[in-house]
Amino acid sequence: MKRVTRFSAEMAALLLSALMLSPVNAASASTKPVAVDIRNFAFSPKTLTVSAGTRVVWTNRDDEPHVVVSAGHQFESSHALDTSDSYAITFDHAGTYTYYCAIHPMMVGTIIVQ
Ligand SMILES: [Cu+2]
């Protein structure tokens, strides 16, 4: 009886992993978020190349607030990020996305999506 119960649990686990390996989920699972640090009034890395579907996460490491704004309104702007605040955008389509900080417009960065 116990043996049967354990077998069922194993079958359930197998089914679950089979479901999680469906093409859609496998694609998102293989694309890990990529970090852009905002430090010393600069985006680091300044230019980042990722594959389509990648989530890019900006984190403010400065003691000053910063805002991530798409130069061509290609993606939604962040709110003002305080120290340690993060902002994330998933880039689903290939292209070149330039952005800047609304408070310090000399701070610019580029995301290249392939
Ligand atoms: Cu700034």
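**A loop serine, the copper site and the sheet**

A: Ser84 lies in the loop between S5 and strand S6 (86–91), where strands are DSSP runs of E with at least two residues, numbered from the N terminus. This is a predicted model, in which local features need pLDDT of at least 70 and side-chain atom pairs count only at pLDDT 80 or more, while totals for chains, interfaces and linings use all residues. Residues are numbered from 1 along each chain as its sequence is written, and side-chain values use heavy atoms, with hydrogens and water left out.

Ser84 has a relative accessibility of 52% and so counts as exposed (exposed is over 50% relative accessible area, buried under 20%, partly exposed in between, with a 1.4 Å probe and protein chains only). Setting aside residues up to four places away in sequence, Ser84 touches Thr59 and Asn60, contact meaning heavy atoms within 4.5 Å. Asp62 is 22 residues from Ser84 along the chain, and their C-alpha atoms are separated by 7.9 Å.

Next, the metal site. His66 (ND1), Cys101 (SG) and His104 (ND1) coordinate the copper ion at 1.9 to 2.1 Å. Donors here are N, O and S atoms within 2.8 Å of the metal (3.2 Å for Na, K and Ca), and water is not among the atoms, so sites may look incomplete. Along the chain, the donors of the copper ion have the spacing H-x34-C-x2-H.

S5 and S7 pair in the antiparallel sense over 3 bridges, pairing requiring at least two DSSP bridges between two strands. Val68 has Cys101 in S7 as its bridge partner. An open sheet of 4 strands runs in the order S3-S8-S7-S5, with mixed pairing. Its edge strands, strand S3 (47–50) and S5, each pair on one side only.

Val68 also belongs to the largest nonpolar core, which has 19 residues; Phe43, Trp58, Val68, Phe91 and Ile111 have the most contacts inside it. Such a core is a set of buried Ala, Val, Leu, Ile, Met, Phe, Trp, Tyr and Cys residues joined through side-chain atoms within 4.5 Å. Beyond four places in sequence, Trp58 touches residues including Val68, Phe91, Ile111 and Asp85.
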